[in-house]
Amino acid sequence: MNERNRVQVLEYLAGTLSEEERADFERRLLADDELADELYAEGALDDAFRRAREVTGGAPSKVVPLATRRLSPWLIALPLAAAIALVAIPMARRDSPAPAESTMRGSSGIQVTEPVGDVTTLGRFAWTGFPGAVSYEIVIRDATGRDLWTGHTTTTSIVPPPDALPPSLVGGSWTVRAVDSHGFEIEKGLATFRVVP
Amino acid sequence: MTSSREREAWLTELRQRFVAVARRRVPEDAVEDVAQDALRIVHERGGDRPDLPWCFQVLRNTIGNWYQRQKVRARDLSPEDAALPNAAPTPLEALEDREVERALRESIEKIGGGDTGCAHYLQRLMRGDAPARIAEDEGLDPAVLYRRIYRCRGKLRELLRERGVLA
């Protein structure tokens, strides 16, 4: 892959391409395995940066620009704070859900009861019992399908621990799997939710 | 995208790209399942025309979830049974957050030993600074900065690959 394409992947991810360039890039991307792989890999690196920030507590940038290394830190603190704010807004938007359907139920005998659709808070996750089930496994995911928390219970509700879900979670989905005495899944229910103020 | 036919064609193309990307990151017998799971999420939650970066993020998370499930299963098996083919490097998205942070930090430090400029840009990206802002701070034309950043990210990906991590 040539340098121009690789640079364009970064520009595309940063949202700096014009509408026309963007449309052309997407057309090429959907027809080119190598370009698709490059987009995937660069996105993975951006994800990795974000995950690393979560580990370090998202420390604000204290990096002094190369060209201004001799300046006092306070001279760049304000612009950097603004930069972090500018970055945080699109990142939050990218992580935020845009569910096409507010509710999605499986064709199972398990009926998920809460949370389903629009809710004001996330607390208890509950469903109806299924005959033959000896336990249930619950998986909560964010809007992109990333697993956030998995829990097990023998009852028909569970409350995730306080630190299980990020406070920034404004929507996602969850599944409950009914498991029989042999450890096999015998039924599954699923739902999407959106936290609204 | 207006008609269901156009949407179907779009999903077909996307599926082909998902399969190609997944093939480099999960064993062959898992490729179709992973691609299908990701495509289902895109179809169900992506709206009429979801952003492609979001679609590929869905695929990354699906692949990450696949590796998580393998780890859970491996814990329940004997070491012999749990041994997975060790032919390919591990994708970045298969690592735990702390492993990711350590791999990035150590690799950037290594880059800093020979190229402080690159290490500087990568540290800023890692801290969440947008390229446009970095360009402004450095007084660079954004196009110039993107070329520099692309080379620095390439170095980082190369070092990660040396650690057995596919990025």
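1. The axes of helix 1 of chain A and helix 8 (residues 142-162) of chain B come within 9 Å and cross at roughly 105 degrees. Axes here are lines fitted to C-alpha atoms, for helices over the stretch in contact, with angles from 0 to 180 degrees between N-to-C directions. Helix 1 of chain A is therefore roughly perpendicular to helix 8 of chain B, a label given to angles of 65 to 115 degrees.

2. This is a predicted model, in which local features need pLDDT of at least 70, side-chain atom pairs count only at pLDDT 80 or more, and totals for chains, interfaces and linings use all residues. Residues are numbered from 1 along each chain as its sequence is written, and chains are lettered from A and ligands numbered from 1 in the order in which they are written. The scores are ipTM 0.89 and pTM 0.64. For chain B the mean pLDDT (the predictor's confidence in each residue, from 0 to 100) is 87, and 91% of its residues reach 70 or more.

3. Contact requires C-beta atoms, placed from the backbone, within 7 Å. Ala, Val, Leu, Ile, Met, Phe, Trp, Tyr, Cys and Pro count as nonpolar, Asp, Glu, Lys and Arg as charged, and the others, Gly among them, as polar.

4. The contact between the chains takes 53 residues from chain A and 55 residues from chain B. On the chain A side, two or more residues each come from helix 1 (3-14), helix 2 (19-29), helix 3 (33-56) and helix 4 (73-95). Helix 3 of chain A gives the largest share, 19 residues. That side of chain A has 33 nonpolar, six polar and 14 charged residues.

5. Chain A has four helices and eight strands, in the order α-α-α-α-β-β-β-β-β-β-β-β along the sequence. These are DSSP runs, helices being H or I of at least four residues and strands E of at least two, numbered from the N terminus.

6. Five strands of chain A form an open, mixed sheet in the order 2-8-7-4-5. Pairing requires at least two DSSP bridges between two strands. Strand 2 (117-119) and strand 5 (147-153) are the edges, each pairing on one side only. Strand 4 (residues 135-142) and strand 5 of chain A run antiparallel and are joined by six bridges; Glu137(A) stands opposite His152(A) in strand 5.

How values were computed
Contact = placed C-beta atoms within 7 Å. Parallel < 35°, antiparallel > 145°, perpendicular 65-115°, else oblique.
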